[in-house]
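Please read the points below alongside the sequence and the structure.

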Amino acid sequence: MSGHMNLTLKVWRQKNAQTPGKFVSYDAKDISDDMSFLEMLDVVNEDLVKKKEDPIQFDHDCREGICGMCSLMINGSPHGPKQGITTCQLHMRSFKNGDTIVIEPWRAGAFPVIKDLTVDRSSFERIQQAGGYVSVGTGGVPDANEIPIPKKIADEAFNSAECIGCGACVAACKNASAMLFVSAKVSQYALLPQGQTERYERATAMVNQMDEEGFGGCTNTYACEAECPKGIKVTNIARMNREFFNSSFIKG
């Protein structure tokens, strides 16, 4: 038998990036502990709509932990109190009856608020457009075994490619640094032969775009790795720094 609980939500409400925001308290009543966190917000929004009040805006899409859209700061932690999961994978059994839950958007200058809990993360897209791709001149799709790649290298590239671009690393960092995200995107190509065509331009272009977007620098607190729902490692940052240095040296 699933339990039910009554909760108090303190939700950040903000009309747009130009309007000051504030926390507004809501009662979440008779919430099943089998619900996901987003399902709980759906129930709250249904009540608000019935009262003819403006529902809480938040981002979501697949609700399967793949798309990275569910970007919520919950009680001070990106995606909530559990490690290795996104907000849509967080269930209400992680809380208890009578709890007060504080819900905020990502806090970063490069992620301006669109409304309430939704932020604009198109800066990530511009960083990828700057260099996170493989040249169209690499030819057709080869057979799986045509290019021998050591398993260790293939595994590292795959682990880097698991980054879903949710922005939790930025939200967790005291400097709002995007180094973990950028380094994962650099690494997934730097490790494989298919990514060598743009190797000496990729790191420079993506790092320069990251700086232009207004993200902060890395000071090695490891908060990004601790909060990443996909377990992306900070060793990617060291690889990106090497790629950036080599790129600058070759160009020089």
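The numbered points that follow take up strands, a helix, one glutamate and the cysteines.

1. Basis of the note. This is a predicted model, in which local features need pLDDT of at least 70 and side-chain atom pairs count only at pLDDT 80 or more, while totals for chains, interfaces and linings use all residues. Residues are numbered from 1 along each chain as its sequence is written, and side-chain values use heavy atoms, with hydrogens and water left out.

2. Strand pairing. Helices (H or I, at least four residues) and strands (E, at least two) are DSSP runs numbered from the N terminus; two strands pair if DSSP finds at least two bridges between them. Strand E1 (residues 4-13) runs antiparallel to strand E2 (residues 22-32), and nine bridges join them. Arg13 has Lys22 as its bridge partner in E2. With E5, E1 pairs in the parallel sense over four bridges; Leu9 stands opposite Ile101 in E5.

3. Helix H1. Helix H1 (residues 37-50) has 14 residues, which at 1.5 Å a residue should span 20 Å; the expected span is 1.5 Å times one less than the number of residues. Its end C-alpha atoms are 20 Å apart, which agrees. After H1 comes Lys52, whose phi is positive, near 65°.

4. The faces of H1. Buried means under 20% relative accessible area, exposed over 50%, and partly exposed in between (1.4 Å probe, protein chains only). The buried residues of H1 include Phe37, Leu41 and Leu48. Seen down the helix axis, the buried residues of H1 fall within an arc of 150°, so they line one face of the helix; the arc is that of the directions from the axis to the C-beta atoms. They pack against E1, E2, strand E3 (73-74) and E5. Val49 and Lys50, on the other side of H1, are exposed.

5. Glu104. This residue lies in strand E5 (residues 100-104). Is Glu104 buried or exposed? Glu104 is buried, with a relative accessible area of 17%. Leaving aside neighbours within four places in sequence, Glu104 is in contact (heavy atoms within 4.5 Å) with Trp12, Phe23, Leu72, Met73 and Leu117.

6. Cysteines. A search of the whole structure finds zero disulfides, a disulfide being a pair of cysteine sulfur atoms within 2.5 Å. For Cys169, the nearest cysteine sulfur is that of Cys224, 6.5 Å away. The sulfur of Cys224 is 6.1 Å from the closest cysteine sulfur, in Cys218, which is too far for a bond. Cys169 is buried at 8% relative accessible area, and Cys224 is buried at 12%.
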